[in-house]
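Please look over the model below before reading on.

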Amino acid sequence: MVVGLPVKGVRNMSSIEIRIQELRTQIREHDYQYFVLNDPIISDAEYDALMRELRMLELSHREYQSDDSPTNRLYPAIDVQFKKVRHPQVMMSLAKAFKEKEIYDWHSRLDKEIGTEGMAWTAEPKIDGLAIALTYVNGVLVRAATRGNGEIGEDVTANIETINTVPKQLRRDTHIQVPSEIEVRGEIYMRTDEFDELNDRLRAAGEKTAANPRNAAAGSLRQKDPRVTATRPLRFFAYSIGPVSGNWPDTQWETLQALKKLGFSINDDTRRFENFEALINYARAWMMKRDELPYEVDGIVFKVDSLAQQRELGIVGTDPRWAIAYKFEARETSSTLKNITVAVGRTGVITPAAEIEPVQLSGVTVRNASLHNADLITKLDIRIGDRVLLKRAGDVIPYIIGPLLAARPADAVPWQMPTNCPVCGTALVRPEGEVAWRCPNSDGCPEQRKRRLEYAVSREALDIVGLGEQQVRMLVEKGLVSDIADIFTLTPDVFVDMEGFGEKKIANLMQSIANAKNQPVLRVFISLGIHMVADKVAQLLLQHFDSIAAIAGASVVEMSQIDGIGPVKAQNVAEFFGRPGNQQLLAKLTTLGLNVRGGRVAPRGDSLAGMTIVVTGSVPDYTREQIEALITRHGGKPTSSVSKKTTYVVAGSEPGGSKIQKATEYNISIIDWATFMVMVGSEGDVALVTPPVDIESEPPATDMPPAQSRLF
DNA sequence: GTTCCTCGAGTTCT
DNA sequence: CTCGAGGAAC
C-alpha cells in the first residue's frame with residue numbers, strides 16, 4: 001500500500017512537480033465536469049491517459065505523492081474503525097406526509113405561523129440512500145459521518161474518500177469564497193442500473209448480494225477495507241449544510257447552487273416555487289416520473305426556501321416545521337412470515353408460497369407472496385417467523401427479497417419441503433438436475449387434473465369465458481366433469497340450482513362453450529396441457545405435422561428434427577400420447593367436432609419482416625395477445641425478453657423497467673405505440689393487401705431510428 | 001463444453 | 001415479472 005508523504009511549505013518547484021500539480025488540477029476539473037455537470041469535455045480515453053501519466057509520475061517520484069491526489073482515491077491507506085462521532089449540529093428527521101391533503105395542511109400551518117405571502121419553496125427528490133455529513137476545513141475533507149440517530153453517527157471518512165462524487169477538496173470558484181469550515185450534508189446512494197451490475201458481479205463471485213440499492217449503499221459504506229468500498233458504485237448528492245463559517249447565502253436554493261460551485265453533485269430535478277399550486281403539480285408529475293429515474297426515489301422533500309424564515313419557524317419535537325417529506329407509496333416493505341404452504345400445479349410442480357402478515361405495499365394489501373422453489377428458500381435462508389423484505393415485481397406480483405436477519409426471532413424455524421403430495425399423498429420426486437419437486441401422479445392426482453382443466457379453459461387455450469377456477473373446481477367436485485371433452489357435453493340443466501348461476505349466466509356459458517368448439521387447432525392442442533408445449537412449440541409442431549393425430553403418431557426422432565424442438569421436448573410429447581387416456585381424449589375431442597387439424601395463419605403484410613419485437617407496458621384498445629398476433633401477421637416475430645437480437649422494443653404506458661434497461665444496454669431502439677402503428681400501417685390489423693410472404697426470405701433494408709444516446 | 005436466446009410455468013390482488 | 005431449463009450457436 002502506498003503511503004503519501006505530506007509536502008508542506010512553499011519552495012521552488014521542479015518541472016516534474018509542476019506537471020504533477022497541473023495534472024491533478026486538470027483531473028479534478030474533469031471530475032467536476034463529468035460527475036457534477038454530467039457533461040464531460042474530454043473522452044474517457046483522454047481522461048484515462050491523464051490519470052495514467054499522473055500515476056506514473058507519482059510512482060517514479062515518491063516525494064511528490066500526496067494524500068489528496070486524485071490517484072489516491074482508490075487506495076486510501078487508512079484502517080477503518082467506524083468511531084462514533086457526535087454531530088456538532090443535530091441531523092434532524094423530517095415530518096412525513098402521505099396524502100396531498102397533508103401537504104396543504106402543512107401550507108396552512110406555515111400560513112398561520114408566519115404567513116405565506118411572498119414565501120418560496122424548494123422541492124427536492126428524496127433519494128433512497130443514506131444521509132451523510134461531510135466536514136471540510138480549509139477546503140479539505142477531514143471527516144465524513146453517517147447520520148446515525150441524528151446526534152451520534154459513525155466516522156466513515158476512509159470509505160467516503162473512495163467515492164468519486166465526493167470532492168476531497170472543495171473546488172475553487174471565482175463566484176464564491178470557500179468557507180474555512182463547512183459541513184455539507186447529503187445522500188449517499190447507488191443508481192439502480194449500477195446496483196444491478198454490482199449484484200451480478202457479487203453473484204458471479206459467489207458473494208452475498210444486496211437486497212436493494214439502499215442496503216447495498218449502506219453495506220458498501222460499512223466495509224472494513226476501503227478498497228472494497230472503492231469498487232462499489234456509490235454516488236453522492238448534496239442537499240444542505242450544517243455549521244458553516246463566514247458568509248453563506250440565506251436561501252436553500254442558493255445553498256444548492258453554492259454547493260454545486262464548490263464541486264458537489266446536486267439533484268438536477270430540484271426546483272424552486274413561488275406558487276404553492278405549482279409545487280403540488282410538481283409533486284403529481286413526480287409520482288408519474290418515478291419509474292424513469294436511474295435511482296430509487298421514495299418521496300419529495302419540500303422546504304421553505306428562506307433560511308431566515310426557517311429559523312423563524314423553528315422545530316417541533318424532532319422535526320423542523322419548515323420542511324416536510326411527501327412520501328410515495330412504499331414499493332418495498334417488511335412483514336412477518338407466518339407460514340409457508342405449498343401448491344400443486346398442473347404439471348405436478350410443488351410451489352411454496354409465503355403466507356405473511358397482511359401489509360400495504362404499493363397500494364394494495366399483500367397477504368401472500370411467491371417463493372418459486374425450495375432451493376430459493378434455503379439459499380435466502382428464510383425461516384417461518386422471520387421478518388421478511390417484500391417487493392412487488394414490476395409493481396404487481398409480490399415476492400420476498402430476503403429475511404431481515406437482524407430482526408430474526410429466536411424461535412424462527414427453517415422450513416422443509418414436504419415429502420408427500422399435500423393433495424394425493426404420493427411421494428414427491430425431484431427429477432435429476434431439476435430444482436422443482438414434483439408429484440409424479442399426473443393422471444391420478446385430483447389437484448393436477450383440476451389445474452389442467454383450468455388451464456384448458458383459460459384465455460391462452462380454449463378461452464371459455466365464464467369458466468374460471470371456482471367453476472372448474474365445482475364441476476369436478478360434483479363429478480360432472482373429469483376431462484376437457486366432458487365440458488362439451490354439459491347441458492344447461494346441470495347448472496340450474498347451482499350456486500352462482502342464474503339463467504343469464506348459464507346461457508352465456510353455454511354460448512361460450514359452443515364458441516370454444518370452433519377454436520383453431522392451435523388452441524385445442526395447447527389445451528391438452530402437455531408439459532413444455534405452449535404457444536410457440538405447439539405452433540412448430542402443427543406446422544410440421546398439420547394435425548394433432550399426426551403429432552400423436554410421430555416418433556421422438558421425427559419431432560426432434562424440427563428446429564426448436566429437441567429430444568427432451570419431443571420425449572415429453574411422445575410420453576403424453578403414450579398414455580392411453582390421452583389418446584382416448586384426443587379421439588373424444590375429434591368426435592365432438594373440435595378442430596384437430598390444419599389451419600396455418602397466413603401473414604397479412606411484411607412491414608415487420610425479419611424483425612424481432614418485444615412489447616412492454618400496455619396500450620389502449622389492444623391486449624398483449626392481440627399485439628403479438630398483429631406482429632406475427634405482419635411478418636414480425638414477437639418475443640417476451642429483450643436480447644441482442646431484438647430489433648425494437650415497443651413501449652406502452654408503464655413499461656417494464658428491466659426491459660427498457662436491457663434495451664438501453666444493448667442499444668436497441670425503443671419506440672412508442674404510435675410509431676409502431678405507423679410501421680404496421682395506420683389501419684394496423686385491417687390492412688390486408690400484400691400476399692403471404694416467404695418467411696425465409698431476406699428482410700428488406702429498413703431505416704433504423706437513431707440509436708439511444710448514452711446516459712453520460 | 002460453454003454461452004446465449006427463448007420459451008414455459010407459476011404468481012398477486014381487485 | 002421472474003425463474004429455470006431446453007435448444008441452438010459458437
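Which strands does helix H24 lie across, and at about what angle does H24 run to S24?

1. Helix H24 (residues 673-680) lies across S21, strand S23 (648-651) and S24, and its course makes about 90° with S24. Helices (H or I, at least four residues) and strands (E, at least two) are DSSP runs, numbered from the N terminus, while axes are lines fitted to C-alpha atoms, for helices over the stretch in contact, with angles from 0 to 180 degrees between N-to-C directions; contact means heavy atoms within 4.5 Å.

2. This is a predicted model, in which local features need pLDDT of at least 70, side-chain atom pairs count only at pLDDT 80 or more, and totals for chains, interfaces and linings use all residues. Residues are numbered from 1 along each chain as its sequence is written.

3. An open sheet of 4 strands, paired in parallel, has the order S22-S21-S23-S24. Strand S22 (637-639) and strand S24 (669-672) each have a single partner strand, so one side of each lacks a neighbour in the sheet. Strand S21 (residues 612-616) is joined to S22 by 3 bridges (strands pair if DSSP finds at least two bridges between them), and threonine 612 faces lysine 637 in S22.

4. Helix H22 (residues 624-633) lies across S21 and S22, at about 165° to S21.

5. Within the antiparallel pairing, strand S4 (residues 130-137) meets strand S7 (residues 181-190) over 8 bridges, and valine 137 is placed opposite glutamate 181 in S7.

Note on methods
Chains are lettered from A and ligands numbered from 1 in the order in which they are written. Side-chain values use heavy atoms; hydrogens and water are left out.
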